[in-house]
Amino acid sequence: MHIPDGFIDIPTSAAFAAIAAAAVAISLKGAKSSLDEKTAPLAGLTATFIFAVQMLNFPVAAGTSGHLLGGALAAVLIGPFAATLAITVVLLMQGLLFADGGLSAMGLNVFNMSVVGVWVGYTIFLLVKKLLPRSKSSIAIAATIGALLSVPAAAASFGLQYALGGTSTFSIGAVFTAMIGTHILIGIGEAIITGFAVAAVMASRSDLVYGFKGETTPLEVRTHNE
Amino acid sequence: MNKGEAKKSNKLLIGGFILSFFLAGVLSFYASSSHDGLVKVAGEIGFIDSAKDHSFSSGPLANYGIKGVENQRLSTGLAGVIGITATGLISYGLFYVVRRKNGVEK
């Protein structure tokens, strides 16, 4: 999913770099209220773990592989703002140290994975959590479904970038269809890894899990005009 | 945070770091080397030719390997360990700075 230099023209890449920079600035503010002394180390671990798992490409179909994006996973564990920061750190390391993801495409990649992947994953997580009974296992199930859909959403976001500034002239519809089709399969892998990882953290330290916080402090929920 | 909680928290952090170390340092060698979804789609549709070489494509760690280390298992594993260490240090540092101090600003 890491876009190399050249796929998308420079003006579009620059526009997305500006959007990505704004998203990071907002996330720096937002993360302050979601992270405290207890949860900040988990945020560091989340970024580290996502870097590691992103190295593990898994086969999805003949000659195709995919890897975790981690947006839904990070959002559920540490909140969406901190998640955007965590995945941006991962993308910066990959682009600057390992030549993975073009430097001119950094804003495009941050937008797709750190913003779209995170927020689509987190929004679906919240919706599914509402439908499920209040329990610990519901958190992992809702995270799984959020992860599943976050990947085709990030793929569709690439389709949008290609429509706006693709340097080649292939059919935009074909790019959308192929990207989403392939990434639905990769989303299944994303869902499995996310489900297991969230379940593992829930089993050991559910009190640190951002997506579970509302359930542990019902008093706060009532004050929010529910 | 009481003592038991802190202990459990350390267990999660240490366990998580060891797991990341294993995944990036050992298991990464066995990762699929097939094209990822985007590259595959780019190849099928044809826009793969518009890709340019990465600015750092001849860098010392390019493509998750250490330049000059012939042993593929060692090269990938070391690159992975460098990657998680760098990501860990920078993200721990960042979140340490960003976090809300307990008792303040609540």
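Select Tyr64(B) to begin: Tyr64(B) sits in the loop that joins helix 2 to helix 3 of chain B, where helices (H or I, at least four residues) and strands (E, at least two) are DSSP runs numbered from the N terminus. This is a predicted model, in which local features need pLDDT of at least 70 and side-chain atom pairs count only at pLDDT 80 or more, while totals for chains, interfaces and linings use all residues. Residues are numbered from 1 along each chain as its sequence is written, chains are lettered from A and ligands numbered from 1 in the order in which they are written, and side-chain values use heavy atoms, with hydrogens and water left out.

Staying on Tyr64(B), check its backbone: phi is near 55°, a positive value in a residue other than glycine. Is Tyr64(B) buried or exposed? With 16% relative accessibility, Tyr64(B) counts as buried, the term standing for under 20% relative accessible area, with exposed for over 50% and partly exposed in between (1.4 Å probe, protein chains only).

Next, select Gly46(B), which lies in the loop between helix 2 (37-45) and helix 3 (72-98) of chain B. If neighbours within four places in sequence are left aside, Gly46(B) is in contact with Phe170(A) and Val41(B), contact meaning heavy atoms within 4.5 Å.

Now widen the view to the whole of chain B, which has three helices and one strand, in the order α-β-α-α from the N terminus on. Its C-alpha trace spans about 55 × 35 × 25 Å along the principal axes. Chain B has a radius of gyration of 19 Å, whereas a compact globule of 106 residues would have one near 13 Å; this radius is taken over C-alpha atoms, and the globule rule is 2.2 Å times the number of residues to the power 0.38. Of the 106 residues in chain B, 38% are buried, and among its contacts with a separation of 6 or more, 47% are between residues 24 or more positions apart.

Move to chain A, whose secondary structure comes to nine helices and two strands. The radius of gyration of chain A is 17 Å, close to the 17 Å that the globule rule gives for 226 residues, so chain A is as compact as a globular protein of that length. The elements of chain A run α-α-β-β-α-α-α-α-α-α-α from the N terminus on, and its C-alpha atoms fill a box of roughly 55 × 35 × 35 Å along the principal axes. In chain A 59% of the 226 residues count as buried, and 75% of the contacts between residues at least 6 apart in sequence join residues at least 24 apart.

Within chain A, select residues 40-54, which form helix 2: this helix has 15 residues and reaches 21 Å from its first C-alpha to its last, close to the 21 Å expected at 1.5 Å a residue, the expected span being 1.5 Å times one less than the number of residues. How many of the residues of helix 2 of chain A are buried? The helix is mostly covered, with 14 of its 15 residues buried.

Finish at Ala99(A), in the loop between helix 4 (80-97) and helix 5 (106-131) of chain A. Ala99(A) has a positive phi of about 55° although it is not a glycine, and at 11% relative accessibility Ala99(A) counts as buried.
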